[in-house]
Amino acid sequence: MNKKYRSGIICLIIVLALFSAIGMRMGAPQMLNTIMNTAHDLLLNTVFYLMGICVITGAIGKLFVEFGVVDLLEKLLRPLMRPLFHLPGMASLGAVMTFFSDNPAIIALSKDKRFASHFKKYQLISLTNFGTAFGMGFIVMIFMVGQGYYAEPIIGLFGAFCGCIVSTRLMQHFVLKHYPKYAEEYACQGDEEGAENPLNQTKEGNSVFIRVLNSLLDGGKSGVDVGIAIIPGVLIISTLVMILTFGPSADGTFTGKAYEGIELLPTLANKIDGFFYYVFGFTDPHQVAFPITALGAVGAALSLLPNFIAQGWIDGHAIAVFTAIGMCWSGYLSTHTAMLDSLGYRALTSKAIISHTIGGLCAALVANWLYLLFICLNVLKNYTLQ
């Protein structure tokens, strides 16, 4: 049988088996109505909210670039790059840019010869993991603050930082193991003159007001692009995950309303709840849906939170871990292949994915135990004040 037809048949069998299993439990009409109603509600109440955050953060990020805040942050972070990540100081610019935008920003930088000339080949390849760990970080932080949490996102940010160290170092180890010569070869021979920062492009002749206006509008426009880009992930991935996470209506029946489901993921999570408790600190099996969704798209994972909060399934502990793993993983399964392909190292995709999977788990572990330490310190402080 033709390979193309064989893969088509396998795909058809998997899709039919999945929806047949769900339909047999919920009923075909109820399943279809739930899918459409959930996707519609996510679009109106979650996607547009996330898009609003993307527009605002995009405008602020562009403003920071225009007036040198990014340069300042880069200078402050430079001393950390070599000892922690084994990367040149210029890598800090990539961390800041991906934090204020998304994963692919690191690729745009790495294609700049002035930027890439500072890196050896194994270091440039590891930027895929390094940049992904901070992708959409600003959006994730703002979203968590918007839900009423403040200290928890900071703890999560530190966890993502630790996960990034693990992921980047592991990726460098794998690259050098397979290509030892990359330890000495530079990525490219760029023009060193003016190579201090590829973003240093002052716009002479423009008044401060015009620069502010242009930055806000251009950044807001890029935020719209990011907001549109997350729509498929939110509507497709989140809808499926919610059907597998939530249960039937209050009376135990399926009515076709939004956010009904078969509770498959919590049932499976209950079988290995010890792992999720000690690694992630999860106290409710429904929480496992967040890291699973973050594998494909962090925007889709964020869309789960309002309903999780409404159901009372999460607390500050979960928010800290969600921030860490959501920021660190940041949809890497859907971006690493394209990112490494654009750099010309597609063969290393599996190594990047393995490294980042371990890095994300380390980020969650650090955030989990750091939050427990934070709670203990608060309890001790309140006890001494009494």
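Trainee: Which helices each supply at least two residues of the nonpolar patch?

Mentor: α13 (273-280) and α19 (349-385) do. Keep in mind that we're looking at a predicted model.

Trainee: Why is the pair E66 and R211 called a salt bridge?

Mentor: Check the distance: the closest N and O atoms are 2.7 Å apart. The cut-off is 4 Å between a side-chain nitrogen of Lys or Arg and a carboxyl oxygen of Asp or Glu, so an Arg and a Glu at 2.7 Å qualify. E66 is in helix α2 and R211 in helix α10, so to speak a link between distant parts of the chain, 145 residues apart. The structure holds three salt bridges.

Trainee: What is the packing of α2 and α10 like?

Mentor: Helix α2 (residues 28-66) and helix α10 (residues 208-229) pack at about 140°, and their axes are 6 Å apart. The crossing is right-handed. By class, their contact has eleven nonpolar, seven polar and four charged residues.

Trainee: How do you know which residues make the contact of α11 with α12?

Mentor: Contact means heavy atoms within 4.5 Å, so the residues that pass are V241, L244 and T245 of α11 and L264, L265 and P266 of α12. Helix α11 (residues 231-245) and helix α12 (residues 264-271) pack at about 60°, with axes 5 Å apart.

Trainee: How do the residues of that contact divide by class?

Mentor: Five are nonpolar, one is polar and none is charged. Val, Leu and Pro count as nonpolar, and Thr falls among the others, so T245 is the polar one.

Key
Residues are numbered from 1 along each chain as its sequence is written. This is a predicted model: local features need pLDDT of at least 70, side-chain atom pairs count only at pLDDT 80 or more; totals for chains, interfaces and linings use all residues. Side-chain values use heavy atoms; hydrogens and water are left out. Axes are lines fitted to C-alpha atoms, for helices over the stretch in contact, and angles run from 0 to 180 degrees between N-to-C directions. Helices (H or I, at least four residues) and strands (E, at least two) are DSSP runs, numbered from the N terminus. A crossing is left-handed if the near helix is turned anticlockwise from the far one by less than a right angle, and right-handed if clockwise.
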